[in-house]
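Work through the exercises below with the sequence and the model side by side, and try each task before reading its solution.

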Amino acid sequence: MASVTSLSASVHQRLASALSAALPEAADADPLLRRSDRADFQANGILALAKKAKANPRELATQVVSQVVTGDLIQDIEVSGPGFLNVTITDRAITENLAARYADTGRLGVPFADAPGTTVIDYAQPNVAKEMHVGHLRSAVIGDAVVQLLEFTGETVVRRHHIGDWGTQFGMLIQYLDEHPHELDHKGGEDLQQSGQAAMSNLDRLYKAARKKFDADEEFKTRARLRVVDLQAGDPHTLAMWQKFVDESKIYFFSVFEKLDMEIRDPDIVGESGYNDMLAETCRLLEESGVAVRSEGALCVFFEDIKGPDGNPVPLIVQKSDGGYGYAATDLSAIRDRVFNLKANTLLYVVDARQSLHFKMVFETARRAGWLNDDVKAVQLAFGTVLGKDGKPFKTREGETVKLVDLLDEAVERATTVVREKAEKVGLSEQEIVENGQYVGIGAVKYADLSTSAVRDYKFDLDQMVSLNGDTSVYLQYAYARIQSILRKAGEARPAAHPELELAPAERALGLHLDQFGETVLEVAASYEPHKLAAYLYQLASHLTAFYDQCPVLKADTPEQVENRLFLVGLTARTLHQGMTLLGIRTPEKL
């Protein structure tokens with residue numbers, strides 16, 4: 001079905017035509033339309049135009065009003081203050097517009113982006129043989145929401161999970177496994193969650209044992225260092241052992257992402273090792289083009305504006321003086337792969353703000369090399385830190401990093417308690433309580449993250465996250481479930497739009513907000529700002545609460561009004577469901 005033109009876009013068109021009729025030189029002028037508490041919309045663009053044309057703004061505004069046709073779309077337009085235009089929409093136009101959205105069950109009238117391209121998004125990047133902690137949460141949650149938003153608006157999205165699967169620590173691990181070959185064995189017959197836990201406890205135990213031996217046994221230390229050489233030289237036996245660590249870690253990763261209700265596909269996992277074959281060529285291309293130069297034996301890229309505390313330039317080291325490659329060589333090779341093999345127009349990195357300087361240098365290097373240009377851009381979607389209630393980086397009481405699985409389990413536990421308290425009232429089975437507890441708990445964690453602007457730090461407060469009051473996912477999930485309850489109780493009455501009916505103020509407010517969904521989704525996808533969608537959905541639920549207070553649904557005055565209000569809440573439910581789905585959050589039917 002075709003997308004639905006929003007009311008604001010239709011009004012914008014009418015005002016722009018009236019403007020160019022009143023002032024021909026203002027043919028492409030923007031009326032600067034926005035929602036207003038004085039009317040449905042206010043246009044502020046005439047003030048600047050009048051100044052430019054050396055005209056009286058109120059007179060120009062009056063001329064524009066005389067050119068506007070009212071009746072079908074615009075009920076009333078009046079000049080206000082020094083030259084603002086206050087616009088009121090007809091009730092019929094609101095209802096007809098919403099009816100068109102309601103008819104489009106798949107997209108609710110949301111248009112596709114104007115010029116979609118190909119985006120490679122790098123997010124959710126855990127490390128092999130290491131447990132995922134709270135620091136891994138944001139990249140996964142923000143990245144997943146941005147993937148959903150971009151795909152929904154028509155972008156071709158290639159997902160990349162740049163896992164940490166290479167480095168000197170593998171020499172120690174492989175050597176230990178070679179000397180204790182059964183350390184990674186599984187019992188079998190486990191589901192993914194059990195396998196994931198078994199995999200992690202195996203890896204954790206092996207890592208600690210190998211580290212202990214490495215620190216205490218000089219001969220083992222020597223063997224481990226030689227093993228790094230074998231790994232980098234591609235010795236088949238050593239690579240096979242390394243692959244065991246990668247496979248074991250993936251079992252664990254998949255179990256954590258399943259808990260997060262997030263799809264991670266194996267072909268999309270391309271770790272640091274995936275670019276090993278490109279590193280030498282990347283260095284050669286940078287050196288031959290003069291982008292990188294040798295400095296004290298290392299291959300470096302220098303920048304005028306990046307200096308250390310001593311005032312000396314801080315370079316990006318692409319290759320160390322001993323011939324080893326750092327992160328920069330891998331990241332630059334990944335850019336080459338994503339631009340030339342995956343044919344990306346946009347490279348998006350969902351990475352901690354603390355790595356901003358590194359990525360600034362990497363992107364600038366790629367631009368100098370000609371791999372990034374006006375047609376291909378790279379963007380870091382930087383995110384802040386997860387803090388504890390005390391406002392300091394989130395740690396356990398013992399001062400250790402919080403394990404991600406423990407955090408998610410606790411959220412689900414708290415949420416299940418909240419769900420159970422209301423279960424009897426809505427008639428939930430034990431299975432539904434457990435299922436809803438997961439949806440509410442995981443949704444609460446995701447929403448707390450996504451409702452905060454990515455670059456800001458946020459406090460991880462489970463009590464607040466699973467609260468039924470305030471800006472939480474539970475509030476939105478309850479809003480959705482409450483509508484489903486009303487629709488179930490409607491009996492013979494069915495949702496149906498009645499454009500002939502007059503709308504109450506709360507119905508108008510809800511309708512005008514529903515109309516903004518398409519524009520909001522496009523704007524949020526284009527700017528990679530899921531928190532703006534979360535804010536929209538919270539406002540929608542708030543409008544719904546005000547609507548309930550003022551407008552009985554099943555006990556409305558006439559059968560037509562019942563149908564129209566069922567249609568209004570039905571579209572609200574679909575919009576909440578679609579919006580939450582784009583944020584990666586479930587909406588249970590009963591809560």
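**Exercise 1.** Find which residues of helix H1 are buried.

*Solution.* The model is predicted, so local features need pLDDT of at least 70 and side-chain atom pairs count only at pLDDT 80 or more, while totals for chains, interfaces and linings use all residues. Residues are numbered from 1 along each chain as its sequence is written, and side-chain values use heavy atoms, with hydrogens and water left out.

**Exercise 2.** Determine how Arg-211 and Asp-215 are placed and paired.

*Solution.* First, the two form a salt bridge (a side-chain nitrogen of Lys or Arg within 4 Å of a carboxyl oxygen of Asp or Glu), with closest N and O atoms 3.3 Å apart. Then, because they are four residues apart in helix H7 (residues 192-216), about one helical turn separates them. Finally, Arg-211 is partly exposed, at 34% relative accessibility.

**Exercise 3.** Compare the burial of Asp-352 with that of Arg-354.

*Solution.* Their side chains meet in a salt bridge at 2.7 Å, N to O. Asp-352 counts as buried because its relative accessibility is 15%, whereas Arg-354, at 64%, is exposed.

Definitions and conventions
Buried < 20%, exposed > 50% of the residue type's maximum accessible area, 1.4 Å probe, protein only. Helix = DSSP H or I, 4+ residues; strand = E, 2+ residues; numbered from the N terminus.
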